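Here are my notes on this one, point by point. Have the structure open while you read.

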Amino acid sequence: QVRIVESGGGLVQAGGSLRLSCIVSGLTFRQYAMGWFRQAPGKEREGVSCISRSTYSGLSLERRFAISRDNAKNTVYLDIDSLKPEDTAMYYCAASSDSYCSRAWSNTGEYNYWGQGTQVTVTS
């Protein structure tokens, strides 16, 4: 079965940086586009970043978010710089069988599998 497990979240001071990791198993990882989403309490899930099946860079909500992948390790990363209190949210990793990030990459419906999330809390 497909498993997607996020890690790397925690309590961070504003202005700091974080690297979130997402380890995927149960599918041919190199064939899937991967996305990161976040959801704060009372708000809708928001697309943060997406990377296609085999690329050096991806698409992001802001330049502070940098997505990357290591297909040899079945892992996708999200590097967040200059953290702000408004970045506080549960961050989710998702896999899309479409293989490439489309114009609708930030829509949750584009993704087939989701992880449980990792909490990021930024203090001011």
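1. A quick definition to start: a disulfide here is a pair of cysteine sulfur atoms within 2.5 Å. Keep in mind that this is a predicted model. Cys50 and Cys101 meet the cut-off, with their sulfur atoms 2.0 Å apart. Cys50 sits in strand β5 (residues 46-51) and Cys101 in the loop between β9 and β10 (113-114), so this link joins distant parts of the chain, 51 residues apart. The turn about the S-S bond is -90°, which makes the link left-handed. Both Cys50 and Cys101 are buried.

2. How many disulfides are there in total? The count is two. In the other pair, the sulfurs of Cys22 and Cys93 are 2.1 Å apart. Cys22 belongs to strand β3 (residues 18-25) and Cys93 to strand β9 (residues 89-96), so the bond ties together parts that lie 71 residues apart in sequence. The link of Cys22 and Cys93 is left-handed too, at -85° about the S-S bond, and Cys22 and Cys93 are both buried. Number the bonded cysteines in sequence order and the pairing reads 1-3, 2-4.

3. Now the nonpolar packing. The largest core has 26 residues, and those with the most contacts inside it include Leu20, Cys22, Trp36 and Tyr91. Among the elements giving two or more residues to this core are β3, β4 (33-39), β8 (75-80) and β11 (118-123). Apart from it there is another core, of seven residues, including Ala33, Cys50, Cys101 and Trp105. As general background, nonpolar side chains tend to be buried together in soluble globular proteins.

4. On to the charges: the model has five salt bridges. Asp87 and Arg38 meet in one of them, at 2.9 Å from N to O. Asp87 is in the loop between β8 and β9 and Arg38 in strand β4, so this pair ties together parts 49 residues apart in sequence. Is Asp87 buried or exposed? Its relative accessible area is 1%, so Asp87 is buried. Arg38, at 9% relative accessibility, counts as buried.

5. Asp87 also meets Arg64 in a salt bridge, again with 2.9 Å from N to O. Arg64 is in the loop between β6 (59-60) and β7, 23 residues from Asp87. Arg64 has a salt bridge to Glu62 as well (3.0 Å, N to O). Arg64 is buried at 13% relative accessibility, whereas Glu62, at 30%, is partly exposed. Arg38, Glu46, Glu62, Arg64 and Asp87 are linked in a network of salt bridges.

Conventions. Residues are numbered from 1 along each chain as its sequence is written. This is a predicted model: local features need pLDDT of at least 70, side-chain atom pairs count only at pLDDT 80 or more; totals for chains, interfaces and linings use all residues. Side-chain values use heavy atoms; hydrogens and water are left out. Helices (H or I, at least four residues) and strands (E, at least two) are DSSP runs, numbered from the N terminus. Buried means under 20% relative accessible area, exposed over 50%, partly exposed in between (1.4 Å probe, protein chains only). A nonpolar core is a set of buried Ala, Val, Leu, Ile, Met, Phe, Trp, Tyr and Cys residues joined through side-chain atoms within 4.5 Å. A salt bridge is a side-chain nitrogen of Lys or Arg within 4 Å of a carboxyl oxygen of Asp or Glu.
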